[in-house]
Amino acid sequence: MSSNILDGYIPRNPMTAEGRALLYGGAADLAFKPTISLISGHSGMGKSALIDRILGHMGKQLHQHVRFDGKPFTEKQILFLRRNCPEHCTVGTLCSTFGNYTDNVLGLKLYSGIFSKLQGGSRTLYLSEITKIIKTHHVGVLVIDEFQNLSLMGVGAKKIIAFLVNLRDELGLPIVVVGTYKALRLLEGDMSTARRLVEGGYYDLERPTSAEDSSWTDLCQIAWEYQWVKNPIEFDAEICETLYDVSQGITGLMISAFAFAQLAAIDDETERVDAALIRKVYLERMKPLHPAIRILQSGNPILMDKFDDLYRNLWPKQERPEGYRNPEPCALSSGEPVTQTQIEPEEAETTASPKRTRSGRNSVATSPEKVKPVLSDEQVKKMVLADSVADLISILDKR
């Protein structure tokens, strides 16, 4: 990201003739062509946090210049613009979010009113106004998070991708898009779109597949140093494995389980966090996420596609009010509620009858004879989901 930003600034240097020409409407003379990069991973893996840390390390978002290279230069520079892709995204709504955000960064009211007047306008008008922001304030990089929200937009998604490509080509602006694996659907069936979205590289924040993964061990060991209890204990293999069991390698869930365990230890005045307490806290305080965890444990790719929706719907980020009750099981895309019988891996894998799509065609289905069980007996016994282990063992006994 750092090299992309610096290379993108070369043709836009406002102290050169080429840079001034671009600032006042000329075309960019791009010796180096900036790229669009794609970062993906499961919800909770830390994609957004990673981007925030990288951008924060590069410097302040807003710079008020006074002099540059010994010459007066009283302009404001915005190093990056970072927004989430709206759920019902159009070119207009996306540009409007950047208008409001730019005003917040500058501490002024310059652009929000302009975009509100453009509602229903053409893509060219929106592109023109966004171009003014990028040129006038010397924006270094555009970051768009939650990019998976475009995966169901159909033709609308292609328009937005074309809009981003125009920004890249006309202004020499590097762009980074971040999303869950659903964003990868945008790469299917259209080689041109796929090539444009990954020219700058495709980066996959994969979750570790076991507690023995060295990166997982390192992460847990670093997190374990932040014990706020009075009787801290040493990090060991059991702690590492337990943290993996309750999170299945999802960073955000591991941190939550660790934090909840510390709160419980302080509340009951034991002031000590161990593997048993982490499991107990997971069973008692993280029940809404048990269906999502079972999906990850199953390793079933068909079920895995539903993980991110379950994570977002069953694990709200806002603080819950006193007396709050766990929500009812959310509905899948089929409209059916998520129940334990639906997400058990054994039952999901042995569904024999093919499903009908809206077009009437049969979707691909795998016959039960060809399906190999994803979970071994030993893996099932190690599961920490006490409320489902009995059911799973019962299924295995019948197999």
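A: We can begin with charged side chains: D52, R82 and D145 are linked in a network of salt bridges. Keep in mind that the model is predicted.

Q: How many salt bridges are found in the whole structure?

A: A search of the whole structure finds 8 salt bridges. One of them joins the side chains of K132 and E129, with N to O at 3.4 Å.

Q: Where do K132 and E129 lie?

A: The general idea comes from helix geometry. An α-helix has 3.6 residues a turn, so residues three or four places apart point the same way. Here K132 and E129 both lie in helix α6 (residues 123-136), and they are 3 residues apart, about one turn of the helix.

Q: Is E129 buried or exposed?

A: Buried means under 20% relative accessible area. E129 has 12% relative accessibility, so E129 counts as buried.

Q: Which parts of the chain does the pair R168 and E199 link?

A: First the bridge itself: the side chains of R168 and E199 meet at 2.7 Å, N to O. This pair links distant parts of the chain, since R168 is in helix α7 and E199 is in the loop between α8 (191-197) and β9 (202-205), 31 residues apart. R168 has 2% relative accessibility and therefore counts as buried. E199, at 31%, counts as partly exposed.

Q: What is the distance between the closest N and O atoms of D274 and R272?

A: In this salt bridge they are 2.9 Å apart. D274 counts as partly exposed at 23% relative accessibility, and R272 counts as partly exposed at 39%.

Q: How do I check the span of a helix such as α4?

A: Count 1.5 Å a residue and compare the result with the distance between the end C-alpha atoms. Helix α4 (residues 91-106) has 16 residues and should span 22 Å; its end C-alpha atoms are 23 Å apart, which agrees. After α4 comes G107, whose phi is positive, near 75°.

Q: How many residues of α4 are buried?

A: The number is 12 of the 16, so α4 is largely enclosed by the rest of the structure. Among the buried residues of α4 are V91, L94, F98, Y101 and L106. The buried residues of α4 also include G92, T97 and D103.

Q: Which residues have the most contacts inside the largest nonpolar core?

A: The general idea first. In soluble globular proteins, nonpolar side chains tend to be buried together. In this model the largest nonpolar core has 51 residues, and F147 and L167 have the most contacts inside it. Helix α7 (residues 155-171) gives the largest share of this core, 8 residues. Apart from this core lies another, of 39 residues, among them C220, C240, V246 and L310.

Q: Which residues does F147 touch?

A: Not counting residues up to four places away in sequence, F147 touches residues including C85, I161, L164, V177 and V178. Others that F147 touches include G179, A183, L186 and L197.

Q: Which residues form a nonpolar patch on the surface?

A: They are I222, Y226 and W228, with about 440 Å² of accessible area together. W228 lies in the loop between α9 (214-224) and α10 (237-247). W228 has 70% relative accessibility, so W228 counts as exposed.

Note on methods:
Residues numbered from 1 in each chain as written. Predicted model: local features only at pLDDT ≥ 70, side-chain atom pairs only at ≥ 80, totals over all residues. Heavy atoms only, no water. Patch = residues over 30% accessible without salt bridge, like charges linked within 9 Å, V, L, I, M, F, W, Y side chains within 5 Å. Areas by Shrake-Rupley, 256 points an atom, 1.4 Å probe, with all protein chains shown as cover. Salt bridge = Lys/Arg side-chain N within 4 Å of Asp/Glu carboxyl O. Helix = DSSP H or I, 4+ residues; strand = E, 2+ residues; numbered from the N terminus. Buried < 20%, exposed > 50% of the residue type's maximum accessible area, 1.4 Å probe, protein only. Expected span 1.5 Å × (residues − 1). Core = buried A, V, L, I, M, F, W, Y, C linked by side-chain atoms within 4.5 Å. Contact = heavy atoms within 4.5 Å.
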